[in-house]
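Colleague: I would like to learn how to read the features of a protein model step by step. Could you take me through this one, giving the general idea each time before the case at hand?

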Amino acid sequence: MIPFCDGGILTIRDILKEDKKIFMEMAEAFYSSDAVSHNLDVKTVEANFDAAVNRSPFIRALIIEDGTGPVGFAFISFTHATEAGGLTVLLEDLYLNESCRGKGLGSKFINFVEQEYHTAKRFRLEVAKENTRAIELYKKLGYEELDYVQMVKEK
């Protein structure tokens, strides 16, 4: 448990099977928002949830709670970056209910992840160019923009 701005308690915990309903509601809000470049279909979201609940070594899903209950979620994944020479923690998705934004919870969450994986050589994240508030936060926390284009091929 982590204290946050108004004296409340922030809890960050692994997602559980019984979180599926609230997770899916938050995921729908996140993946249809301006924070992401494209929507994810429900089957992909459910596959990510299932992988995390079944403790895949490649993905971890966390629920963020304040005194009222779940207020957000995050996915993190893991890779070995040859450029960094070790573990890279990818902050894949970070969602907070709109009423919880701007209160320091995002910073607290990122600090939690960086402490949890303090032996990692690199932390990396993606952010939509239009998500200027998130970009400001990440820069404030020491993240820098990369100078190269990332490409993808879907199967």
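Modeller: Let us begin with pairing: two strands are said to pair if DSSP finds at least two bridges between them. Keep in mind throughout that this is a predicted model. Here strand β4 (residues 69-81) and strand β5 (residues 86-96) run antiparallel and are joined by 10 bridges.

Colleague: Which residue in β5 is the bridge partner of A81?

Modeller: A81 is partnered by G86. The hairpin of β4 and β5 has 4 residues between the strands, and in this hairpin G85 takes a positive phi near 75 degrees.

Colleague: How many bridges join β5 to strand β6?

Modeller: There are 4 bridges between β5 and β6 (residues 122-125), and these two strands run parallel, with T88 standing opposite R122 in β6. Together with helix α3 (residues 105-116), β5 and β6 make a right-handed β-α-β unit.

Colleague: Which residues of helix α4 are buried?

Modeller: A residue counts as buried when its relative accessible area is under 20%. In α4 (residues 132-140) that holds for A134, I135, L137 and Y138. They lie on the same side of α4, because they cover an arc of only 160 degrees around the axis. The exposed residues R133, E136 and K140 are carried on the face turned away from that buried side.

Colleague: What is the nearest side chain of opposite charge to D66?

Modeller: A salt bridge requires the charged atoms to lie within 4 Å. D66, found in strand β3 (residues 59-66), is buried yet has no salt bridge, the nearest side chain of opposite charge being K103, 6.6 Å away. The side chain of D66 is, however, joined to that of T68 by a polar contact of 2.5 Å.

Technical notes:
Residues are numbered from 1 along each chain as its sequence is written. This is a predicted model: local features need pLDDT of at least 70, side-chain atom pairs count only at pLDDT 80 or more; totals for chains, interfaces and linings use all residues. Side-chain values use heavy atoms; hydrogens and water are left out. Buried means under 20% relative accessible area, exposed over 50%, partly exposed in between (1.4 Å probe, protein chains only). Lys and Arg count as positive and Asp and Glu as negative; His and the chain ends are not counted. A polar contact is a pair of N or O atoms within 3.5 Å; within protein, one must be able to donate a hydrogen and the other to accept it, and residues adjacent in sequence count only if both atoms are side-chain atoms. A crossover is right-handed if, with the strands pointing away from the viewer, the path from the first strand over the helix to the second runs clockwise. The arc is that of the directions from the helix axis to the C-beta atoms.
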